[in-house]
Amino acid sequence: MKQSGCIAFKDRHFACETCDGLAVGGFDAATSQIVLCQNSIHRQSLMNRVVTHELIHAFDHCRAHVNWLSNVKHLACSEIRAANLSGDCSLMNEIARFKFGLKGHHQTCVRDRAVRSILAVRKVSKETAEKAVDEVFDTCFNDQEPFGRIPHNKKDAKYAHKDFQNRDQYYANI
């Protein structure tokens with residue numbers, strides 16, 4: 001976040017609240033605050049995934065100046081990135097949802113989760129949400145910053161972070 005021009009303070013930019021409905025968390029762009037739903041998060045693995053998902057929104061907000069309210073394509077792009085990079089569509093999560101597939105399943109999951117997220121936060125039709133996701137999918141799915149790749153597990157996430165920290169080092173001698 002700091003390298004993208006935004007500074008985050010855990011005591012200022014994270015809030016634990018009691019939430020209504022099925023929400024487990026969210027990103028409030030007006031306050032640049034990540035909200036964690038204390039009544040909905042009952043496992044550390046879910047907490048990790050929610051924090052990662054919402055941090056990706058915070059990163060996008062900082063880096064890309066997302067217009068959350070009036071540009072559904074901006075929202076779609078951030079939701080695609082968050083679903084893709086946070087572990088929302090990991091094999092274990094999909095098995096727990098009783099959704100199985102082999103070829104292209106990860107992409108299908110990312111599309112579905114992005115559409116669901118858009119519908120949860122915006123009053124648009126399903127067709128509008130699906131169209132927005134389809135229009136930006138390839139570009140946003142392939143944008144894997146700040147990780148540089150999809151971290152499939154905790155160990156892989158650590159390697160991705162290490163690569164991110166060292167990436168400028170590779171170009172220093174050119």
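Cys 16 is exposed, with a relative accessible area of 53%. That is over the 50% cut-off for counting a residue as exposed. In this predicted model, Cys 16 takes part in no disulfide, and the nearest cysteine sulfur, that of Cys 37, sits 9.2 Å away.

Cys 37 is itself taken: it forms a disulfide with Cys 19, the two sulfur atoms lying 2.1 Å apart. This link joins distant parts of the chain, with Cys 19 in the loop between S1 and S2 and Cys 37 in strand S3, 18 residues apart. Both Cys 19 and Cys 37 are buried. The torsion about their S-S bond is -85°, which makes the link left-handed.

The disulfide count comes to 3. Another of them runs from Cys 77 to Cys 140, with an S to S distance of 2.0 Å. Here the partners are 63 residues apart, Cys 77 in helix H3 (residues 72-85) and Cys 140 in helix H6 (residues 126-142). Cys 140 is buried, its relative accessible area being 4%. This link is left-handed too, at -110° about the S-S bond.

Then there is the pair Cys 89 and Cys 109, whose sulfur atoms are 2.1 Å apart.

Read from the N terminus, the elements go α-β-β-β-α-α-α-α-α-α. The 3 strands make an open sheet in the order S1-S3-S2, with mixed pairing. Strands S1 (14-17) and S2 (25-28) are at the edges with a single partner strand each, so one side of each has no neighbour in the sheet. From one strand to the next, the twist averages 25°. S2 and strand S3 (residues 33-37) run antiparallel and are joined by 4 bridges; Gly 26 stands opposite Val 35 in S3. Helix H2 (residues 44-64) packs on this sheet and touches S1, S2 and S3, its direction making about 15° with that of S2.

Across the whole protein chain, 37% of the 174 residues count as buried. The accessible surface is about 11,100 Å², and 54% of this belongs to carbon and sulfur atoms. Of the contacts between residues at least 6 apart in sequence, 49% join residues at least 24 apart.

Terms used
Residues numbered from 1 in each chain as written. Predicted model: local features only at pLDDT ≥ 70, side-chain atom pairs only at ≥ 80, totals over all residues. Heavy atoms only, no water. Pairing = 2+ DSSP bridges. Helix = DSSP H or I, 4+ residues; strand = E, 2+ residues; numbered from the N terminus. Axes fitted to C-alpha atoms, helices over the stretch in contact; angles between N-to-C directions. Contact = heavy atoms within 4.5 Å. Buried < 20%, exposed > 50% of the residue type's maximum accessible area, 1.4 Å probe, protein only. Areas by Shrake-Rupley, 256 points an atom, 1.4 Å probe, with all protein chains shown as cover. Disulfide = S-S within 2.5 Å.
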